[in-house]
Amino acid sequence: MKTSYIFIAIAISQMRVAAMPAHQAIANLLKPVIHLPISEISEFSPQAGEESEPKIGQYPNHTIYATEENLNQFFDELKKYVNDTSFDTFGFENHLEEFKSEFLKIAQSIKRDHPPRSVKKQFSFVKYMFKVMLEANDDLKYYRYSDVPGHQLVSKIIELNVRAMAFHDSHGKLDLSMDNYITRIYKLHRTLYVFFKKYSSLSDVLSDMLLIVNSQVAEAESTLDELWNMIPNEEKKDIDI
């Protein structure tokens, strides 16, 4: 298992240059996903010296719980449009305005209630997941139905990136409640490698597609490697893949 992962990492390593690893992207989440008014966004960006955690008891417990539950529910709704083979862009698109409206409400509650850092971090990861799906949805509109050689593979790689993200919970941790997650993560990593090899065999690849593939493959690999590292060691030792 470990050898396979090293082999895949070496094979794809040349494609890392144009991409931002998932953990770095999550750290840069102060850029808004939805175009909120400036007044709604400004307080998401802490000023120097303002990062200290407020005193215990400052937040009403019911307010914190409600925000956490709203984030959990929003994240779970997003994941309903992702499965082991695809990202349901049609269903996602049909409910996109509802998602935007609900996300705006959550963002406003974060601004208004000033929850503890743990909830802000949860909000940041949920926002990142939403951002990944929004961008993938836009990209797939262009690549999925094109007859240009390689576009179908690009679509599959973009989808795979979303599928990898769906193995998280709303806090950015591995979702241990998912069935057979070890086998599914491993197979997704192998699928990424297969897509990469197929794309590498194409000739006359357009430069814009190459940049997209570089970014998407590197991000997916980074996400899958991080997920694999989150799997409890006692569960890894007995697997037979």
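Helices H8 and H9 in this model are roughly antiparallel to each other, a term that applies because the angle between them is over 145 degrees, and that pair is where I would like to start. The model is a predicted one, in which local features need pLDDT of at least 70 and side-chain atom pairs count only at pLDDT 80 or more, while totals for chains, interfaces and linings use all residues. Residues are numbered from 1 along each chain as its sequence is written, and side-chain values use heavy atoms, with hydrogens and water left out.

Two packed helices are described by the angle between their axes and the distance between the axes. For H8 (residues 151–165) and H9 (residues 181–200), the angle is about 160 degrees and the axes lie 10 Å apart, where an axis is a line fitted to C-alpha atoms over the stretch in contact and angles run from 0 to 180 degrees between N-to-C directions. Their crossing is left-handed, meaning that the near helix is turned anticlockwise from the far one by less than a right angle. On the H8 side the contact (heavy atoms within 4.5 Å) involves Leu153, Val154, Lys156, Ile157, Leu160, Arg163 and Ala164, and on the H9 side Leu188, Thr191, Leu192, Phe195, Lys198 and Tyr199. By class, these residues comprise nine nonpolar, one polar and three charged, with Ala, Val, Leu, Ile, Met, Phe, Trp, Tyr, Cys and Pro taken as nonpolar, Asp, Glu, Lys and Arg as charged, and the others, Gly among them, as polar.

H8 also packs against helix H7 (residues 117–143), the two axes coming within 10 Å and crossing at roughly 165 degrees, and therefore H7 and H8 are likewise roughly antiparallel. This crossing, too, is left-handed. Among the residues in contact are Phe125, Tyr128 and Met129 of H7 and His151, Gln152 and Val154 of H8, and the whole set divides into 13 nonpolar, three polar and two charged.

What, then, of H8 itself? Of its 15 residues, 13 are buried, that is, under 20% relative accessible area with a 1.4 Å probe and protein chains only. Its end C-alpha atoms are 22 Å apart, which agrees with the 21 Å that its 15 residues should span at 1.5 Å a residue, the expected span being 1.5 Å times one less than the number of residues.

To place this in the whole protein, there are 11 helices and zero strands, both being DSSP runs numbered from the N terminus, with helices (H or I) of at least four residues and strands (E) of at least two. Of the 241 residues, 44% count as buried.

Methods:
Buried < 20%, exposed > 50% of the residue type's maximum accessible area, 1.4 Å probe, protein only. Parallel < 35°, antiparallel > 145°, perpendicular 65-115°, else oblique.
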